[in-house]
Amino acid sequence: MSAVGTLLRRDLAQMFGGGRRGGAVLPVLFFVATAMLFPFAVGPDPVLLAKAGGGIVWIAALLAAILPLDRLLAPDLEQGFFDQFAVRGIAEEAVVAVRLVAHWLSFGPPLMLAALPAAALLGLHGDTLRTVEWGLLGGTPGLAAIGLMIAALTVSLRAGAALAGLLLIPLAVPLLIFGAGALSTGGQSGLALTAAISLLLCAITPFAGGAAIRAAREG
Amino acid sequence: MEGCRLAVNDLACRRGDRVLFRGLSFELNAGEALQVVGPNGSGKSSLLRIVAGLLRPLVGSVDLQGPVGLVDERPALDEHLPLGRALAFWGRIDGGGFISWESASDRLGVTGVLDVPVQYLSTGQRKRAALTRLLSQQATVWLLDEPLNGLDTAMARECERLVAHHCGVGGIALIASHQPFDVTGLKAIAIEDYAP
């Protein structure tokens, strides 16, 4: 148990402390910047922006999820951290599970906060904003899990960073469909399905990630 | 340190399309040390990684009893952190070994650079830091991959003394090195004898 706490502290310090992982700030800035670009591109028509705004926030969140991928696992594998964990009997699965928690904490809540200024820029408020925030709460764990899984699978590839971005987009489509879809249907079933997909992804990720890291070590 | 044992039975290792060695067997009991010698690329590091459980052998088995400590070319210390904090992380993971990492760092002469970020340390200083972690870890089976690389002459002798002391108190050391390693009672195998 103490090892898990120590790992979590290290991961959080690296992600929030402006460490080499690029930190939590960059994806958030990218997210707001993307949302800011849309009114410039499609014009300041409030009706149009209010209609498309929720979907735009979701696309911005999905694109922001790509940014931290190449720093999530690759440095630790290169520097031999996973080898040292393994000889101490700390399973790769445990390390990946802890990293998933830390990655979501540095990605999900900051993005939900940043969705407030982004919504203001797009003229979203009331029910729409509430649905977007609930959707992000349900969807960002899934985005974090997909990201971590892809980071583990591409960890030993030379062009891993570029490939990771391409892989994330199709895998995140179900989350996008239900999360952003809840905006137009207005129902809670879309949000529930988004959260269910996230739950499933979070459950798979430690095992898929652990297996991928062991395979990368053999290669 | 009682009861540690390392037995390697009919081991073969393949990297890519090439079989590096086959039919390799040895046994180490408490207090014994073995040096694996051989030219670059002959499979010394791969043997250590197989023993550590990080690589699967092509055939054969490894029977290892006792906690393992590994020192290889990668120090596994956070580059942007001061050395002291990077070592403290492993200190918390290992939960206090035979000696604390503070006194281990004194022994290996890195106390002066504990506040220097790891990325500014030299090769030799990183190796010393890795040995510091090994010393403060509760490991009875030491796996050392080129432990003398980057160390100056005095520190190389100190490293040999550490291994001698470790075996003196009943530990096991498996050393992969192409350099002469001077420890009394050190056995040696040449890995190229097992090349196919």
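## A look at chain B and a helix pair

Of the 196 residues in chain B, 45% are buried. Keep in mind as you explore that this model is predicted.

Let's start with how chain B is built. It has five helices and eight strands, and along the sequence these follow the pattern β-β-β-α-β-β-α-α-α-β-α-β-β. The radius of gyration of chain B is 17 Å, close to the 16 Å that the globule rule gives for 196 residues, so chain B is as compact as a globular protein of that length. What share of contacts in chain B between residues at least 6 apart in sequence join residues at least 24 apart? The share is 76%.

Here are some lengths that describe chain B:

| Property of chain B | Value |
|---|---|
| Radius of gyration | 17 Å |
| Box filled by the C-alpha atoms, along the principal axes | roughly 50 × 35 × 30 Å |

Now let's turn to a place where two chains meet. Helix H1 of chain A (residues 2–16) packs with helix H2 of chain B (residues 83–94), their axes 8 Å apart and at an angle of about 160 degrees. Because of that angle, H1(A) is roughly antiparallel to H2(B). The crossing of H1(A) past H2(B) is left-handed.

Which residues make this contact? From H1(A) come Ala3(A), Thr6(A) and Arg10(A), while H2(B) brings Phe89(B), Arg92(B) and Ile93(B). Sorted by type, the residues in this contact of H1(A) with H2(B) are three nonpolar, two charged and one polar.

Note on methods: Residues are numbered from 1 along each chain as its sequence is written. Chains are lettered from A and ligands numbered from 1 in the order in which they are written. This is a predicted model: local features need pLDDT of at least 70, side-chain atom pairs count only at pLDDT 80 or more; totals for chains, interfaces and linings use all residues. Axes are lines fitted to C-alpha atoms, for helices over the stretch in contact, and angles run from 0 to 180 degrees between N-to-C directions. Helices (H or I, at least four residues) and strands (E, at least two) are DSSP runs, numbered from the N terminus. Angles under 35 degrees count as roughly parallel, over 145 as roughly antiparallel, 65 to 115 as roughly perpendicular and the rest as oblique. A crossing is left-handed if the near helix is turned anticlockwise from the far one by less than a right angle, and right-handed if clockwise. Two residues are in contact if their C-beta atoms, placed from the backbone, lie within 7 Å. Ala, Val, Leu, Ile, Met, Phe, Trp, Tyr, Cys and Pro count as nonpolar, Asp, Glu, Lys and Arg as charged, and the others, Gly among them, as polar. The radius of gyration is taken over C-alpha atoms; the globule rule is 2.2 Å times the number of residues to the power 0.38. A residue is buried if 20 or more other C-beta atoms lie within 10 Å of its own, exposed if 12 or fewer, and partly exposed in between; C-beta atoms are placed from the backbone.
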